[in-house]
Amino acid sequence: QVQLAESGGGLVQAGDSVRLMCRASAHTFNLDVMAWFRQAPGKDREFVVLNNRDGSSQYADSVKGRFTISRDNAKYRVYLQMNNLKPDDTGVYYCAASNGEPGVYPNSYNYWGQGTQVTVSS
């Protein structure tokens with residue numbers, strides 16, 4: 001069953017901006033936490049940002065000041081605005097959701113999208 005679905009990735013140059021979108025169901029959108037993770041080839045899945053139902057957010061240090069998470073409550077959409085992209089941002093980006101306080105650990109999230117590839121060239 002597909003609960004989350006990402007889109008918007010592609011091949012871009014360093015310094016470019018991209019906005020990713022995650023389509024959520026009514027159920028997953030209203031879970032306690034929505035988050036974005038990414039995974040580069042040969043590396044573990046890495047926390048990027050999470051957003052709580054109270055509106056507060058937590059960002060990885062590597063993306064703070066460049067990435068922004070937001071929601072469209074009417075359409076059950078969550079977005080990741082990525083500015084000033086760097087080659088190290090390259091990877092498959094996943095949206096995820098869970099109840100409780102899953103934090104930065106991917107194994108704590110119950111729902112995942114299929115991922116969208118973002119490749120940043122230098």
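This section describes the disulfide, the aromatic pairs and the charges placed over rings in a predicted model.

The structure contains one disulfide, formed by Cys22 and Cys95, whose sulfur atoms lie 2.1 Å apart. The link between Cys22 and Cys95 is right-handed, with 55 degrees about the S-S bond. Distant parts of the chain are joined in this way, since Cys22 belongs to strand β3 (residues 18–24) and Cys95 to strand β9 (residues 91–98), at a separation of 73 residues. Both Cys22 and Cys95 are buried.

Across the whole structure, six aromatic pairs are found. One of them comprises Phe29 and Tyr76, with ring centres 5.5 Å apart and planes at 45 degrees, and the pair is therefore tilted. This pair also links distant parts of the chain, 47 residues apart, with Phe29 in helix α1 (residues 26–29) and Tyr76 in the loop between β7 (67–72) and β8 (77–82). Phe29 is buried, at a relative accessible area of 4%, whereas Tyr76, at 32%, is partly exposed. The pair of Phe37 and Phe47 is edge-to-face, with 5.8 Å from centre to centre and 75 degrees between the planes. Because Phe37 lies in strand β4 (residues 33–39) and Phe47 in strand β5 (residues 46–52), this pair ties together parts that are ten residues apart in sequence.

Arg45 lies over the face of Trp112, at 4.8 Å from the ring centre, while Arg71 lies over the face of Phe29, at 5.0 Å from the ring centre.

Terms used
Residues are numbered from 1 along each chain as its sequence is written. This is a predicted model: local features need pLDDT of at least 70, side-chain atom pairs count only at pLDDT 80 or more; totals for chains, interfaces and linings use all residues. Side-chain values use heavy atoms; hydrogens and water are left out. A disulfide is a pair of cysteine sulfur atoms within 2.5 Å. Helices (H or I, at least four residues) and strands (E, at least two) are DSSP runs, numbered from the N terminus. Buried means under 20% relative accessible area, exposed over 50%, partly exposed in between (1.4 Å probe, protein chains only). Rings of Phe, Tyr and Trp (its six-membered ring) pair if their centres lie within 6.5 Å; planes under 30 degrees apart count as stacked, over 60 as edge-to-face and the rest as tilted. A charge sits over a ring if NZ of Lys or CZ of Arg is within 6 Å of the ring centre and within 35 degrees of the ring normal.
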